Amino acid sequence: MYEDSLMARVRALALYVPEEVRAWTVYARALLLVAAAVYGGHLALMDIPGWGMSQSFMHLVLLPFHEFGHIFFRPFGEFMTLLGGSLFQVMLPLGLGAYFIVRNRDPFAGSLMLWWAAAGVMDTAPYIYDAWKPQHVLLTGRTGDTGAHDFIDVLGDLGLLRQAQPIGRAVHAFSVALMFAALAWSAYLLLQQYRHRRAYSH
């Protein structure tokens, strides 16, 4: 009974549409959704072994949060310090999304935060892939063979270093699926808002 009521509450929050939606808001959000879909597709098609995403604007946005994540997770030990950079760049937009949904009652903004989180996951995939045979120059100015590399240590501690490349590809596939889910959620909400706008105007 409690689980049913909790799921109903989550569904109500995630699919909430106000009775009155201004037309300009719907159209502006439609443009934002199209931009997110086009840019997301561009990111998803970037080469994983070549780490094309490291040259993207999205990577530059994520990088400060990644580095802060190492600091944030430092009290939890070396393993979490290393993993914390990638964790934080995904956790931050998820936290913002929860805020928008629960406090602002704006699941459309929440869906875009899920898109951002998906981009954060996507950004880690080439980094994971690179751990087995490091080729890419990191912020230290060196490759993982001669300098710090988060996922050489993380996957090594987990006994998964030899599987770094298939794990990287799996993470990338998951991020694409997550991004598609975020866009589908956005589109559904936008359609409902458009219908409410039409209904309100008559």
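User: How many helices and strands does the protein have?

Analyst: Start with the definition. Helices (H or I, at least four residues) and strands (E, at least two) are DSSP runs, numbered from the N terminus. Here the protein has 7 helices and 0 strands. From the N terminus on, the elements run α-α-α-α-α-α-α. This is a predicted model, where local features need pLDDT of at least 70, side-chain atom pairs count only at pLDDT 80 or more, and totals for chains, interfaces and linings use all residues. Residues are numbered from 1 along each chain as its sequence is written, and side-chain values use heavy atoms, with hydrogens and water left out.

User: What box do the C-alpha atoms of the protein fill?

Analyst: Taken along the principal axes, the box is roughly 65 × 40 × 25 Å.

User: What percentage of the residues in the protein is buried?

Analyst: First the cut-offs. Buried means under 20% relative accessible area, exposed over 50%, and partly exposed in between (1.4 Å probe, protein chains only). Of the 202 residues in the protein, 44% are buried.

User: What share of the contacts comes from residues 24 or more positions apart?

Analyst: A contact means heavy atoms within 4.5 Å. Take the contacts with a separation of 6 or more. Residues 24 or more positions apart account for 68% of those.

User: How do I read a nonpolar core, and which residues have the most contacts inside the largest one?

Analyst: The general idea is simple. In soluble globular proteins, nonpolar side chains tend to be buried together. A nonpolar core is a set of buried Ala, Val, Leu, Ile, Met, Phe, Trp, Tyr and Cys residues joined through side-chain atoms within 4.5 Å. The largest one here has 46 residues. Those with the most contacts inside it are Leu 43, Met 53, Met 58, Trp 115, Phe 151 and Met 179. Helices H1 (2–14), H2, H3 (57–72), H4 (78–102), H5, H6 (150–158) and H7 (164–201) each supply at least two residues of this core. H5 gives the most, with 14 residues.

User: What is Met 58 in contact with?

Analyst: Leave aside its neighbours within four places in sequence. Met 58 then touches Tyr 39, Leu 43, Met 53, Trp 115, Trp 116 and Ala 119.

User: How many residues of H5 are buried, and what is its reach?

Analyst: The expected span of a helix is 1.5 Å times one less than its number of residues. H5 has 24 residues and reaches 36 Å from its first C-alpha to its last, close to the 34 Å expected.

User: At what angle do H2 and H5 pack?

Analyst: Axes are lines fitted to C-alpha atoms, for helices over the stretch in contact, and angles run from 0 to 180 degrees between N-to-C directions. H2 (residues 23–44) and H5 (residues 107–130) pack at about 10 degrees, with their axes 11 Å apart. Angles under 35 degrees count as roughly parallel, over 145 as roughly antiparallel, 65 to 115 as roughly perpendicular and the rest as oblique. H2 and H5 are therefore roughly parallel to each other.

User: Which residues of H2 and H5 meet?

Analyst: From H2 come Arg 29, Leu 32, Ala 36, Tyr 39, Gly 40, Leu 43 and Ala 44. In H5 they meet Phe 108, Leu 112, Trp 115, Ala 119 and Met 122. By class, this contact has 10 nonpolar, 1 polar and 1 charged residues. Ala, Val, Leu, Ile, Met, Phe, Trp, Tyr, Cys and Pro count as nonpolar, Asp, Glu, Lys and Arg as charged, and the others, Gly among them, as polar.

User: Is Arg 29 buried or exposed?

Analyst: Arg 29, in helix H2, counts as buried at 18% relative accessibility. Beyond its neighbours within four places in sequence, Arg 29 is in contact with Asp 106, Phe 108, Leu 190 and Gln 193. Arg 29 and Ala 109 are 80 residues apart in sequence and 9.5 Å apart in space, C-alpha to C-alpha.

User: How do I read phi, and what is its value at Trp 51 and Arg 105?

Analyst: Most residues other than glycine have a negative phi. Trp 51 has a positive phi, near 50 degrees. Trp 51 lies in the loop between H2 and H3 and is buried, with a relative accessible area of 8%. Phi of Arg 105 is also positive, near 55 degrees. Arg 105 lies in the loop between H4 and H5 and is partly exposed, at 46%.
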